[in-house]
Amino acid sequence: TPAFALTKRIISEVENNCQKKILENFILAELLENGEKRNKSEKDGAAPLFTVLISPSMRCNLRCKGCYAQNYKKEDDLSFEDLDRVISEGKKMGVSLFTILGGEPFIREDIFDIFEKHSDAYFQVFTNSVLINEKIAKKIVEVGNVMLQISIEGFEKQTDFRRGKGTYEKIMGAMDILKKNKVPFGYSACVTRKNAEVVMSDKFVDLMIEKGALVGWYFLYMPVCGDKDTQLMPTPKQRNNQRIR
């Protein structure tokens, strides 16, 4: 089964401390603690949450076509105190998985301070991976409670079209660094009219598995910034093909 295959890969391909945090902070927390906390939250009138999505910063070092993460300044970032408070309150409500979005999360110098302070939580971090290097990979292994989801648009042609020339090569390099250091990661594909068939192809998925990705996310392109070019939105047929794939 897919779950069994994923478990085998985690055991063989993921560093021990990262394995430990996946088991303790996510799987066991969900099985033993958080269901009860969420039931209590629901009885108290709060919606039971499985994860909380947070953008610590809207700043980004890339300028992808149609992306909302443009024209933000450091002053627009969430304060460390607010970020810490949201995570602390989430844990009290039974949340163990926090999804970190952007902008680009690693543009913040204090992001690892959050991971370290909340060592009992698990963080799924969506990143363009351009800032990933050996130092960051080793820090992720050290904290253990982080899994990356790397944004990619397909192969070089599709990725560089939307994310900028040379981005695909940097993503491939980042994946190699993560795989070498046994850092758990997946990929996140933005489905557009120009890449829908590519990102759903066996050739692309096989490449992601070969590079070390454990999971894959697919999001439909919705233009909210810049030129708001609706011509990049996938067609109804392409969306339906993704649904039945």
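**A loop residue and the strands around it**

A: S129 is buried, with a relative accessible area of 1%. Buried here means under 20% relative accessible area, exposed over 50%, and partly exposed in between (1.4 Å probe, protein chains only). The model is predicted: local features need pLDDT of at least 70, side-chain atom pairs count only at pLDDT 80 or more, and totals for chains, interfaces and linings use all residues. Numbering starts from 1 along each chain as its sequence is written, and side-chain values use heavy atoms, with hydrogens and water left out.

Start with the backbone. S129 has a positive phi of about 75°, although it is not a glycine. It sits in the loop between β3 (122-127) and α5 (134-143). Helices (H or I, at least four residues) and strands (E, at least two) are DSSP runs, numbered from the N terminus.

K182 also has a positive phi without being a glycine; its value is near 60°. This residue is in the loop between α7 (167-180) and β5. K182 is partly exposed, at 38% relative accessible area. One more backbone feature belongs here. The peptide bond from G102 to G103 is cis, with omega near 5°. G103 lies in the loop between β2 (97-100) and α4 (111-117).

C18 belongs to helix α2 (residues 16-43). Its relative accessibility is 0%, so C18 counts as buried. What does C18 touch, leaving out residues up to four places away in sequence? The list is I140, V141, G144, K182 and P184. A contact means heavy atoms within 4.5 Å. C18 and T127 are 109 residues apart in sequence, and their C-alpha atoms are 18 Å apart in space.

Now follow the chain into β5. Strand β5 covers residues 185-191. Seven of its seven residues are buried, so the strand is largely enclosed by the rest of the structure. F185, Y187, A189 and V191 point one way. G186, S188 and C190 point the other way. Residues on both faces of β5 are buried.

Which strands pair with β5? One is β4 (residues 146-152), in the parallel sense over five bridges. Strands pair if DSSP finds at least two bridges between them. I152 stands opposite A189 of β5. The other is β6 (residues 216-220), again parallel and over five bridges.

Step back to the whole chain. It holds 10 helices and six strands. The radius of gyration is 18 Å, close to the 18 Å that the globule rule gives for 245 residues, so the chain is as compact as a globular protein of that length. That radius is taken over C-alpha atoms, and the rule is 2.2 Å times the number of residues to the power 0.38. The C-alpha trace spans about 45 × 40 × 40 Å along its principal axes.

Of the 245 residues, 48% count as buried. Among contacts with a separation of 6 or more, 75% join residues 24 or more positions apart.

S129 is buried at 1%, whereas K182 is partly exposed at 38%. The phi of S129 is about 75°, and that of K182 is near 60°.
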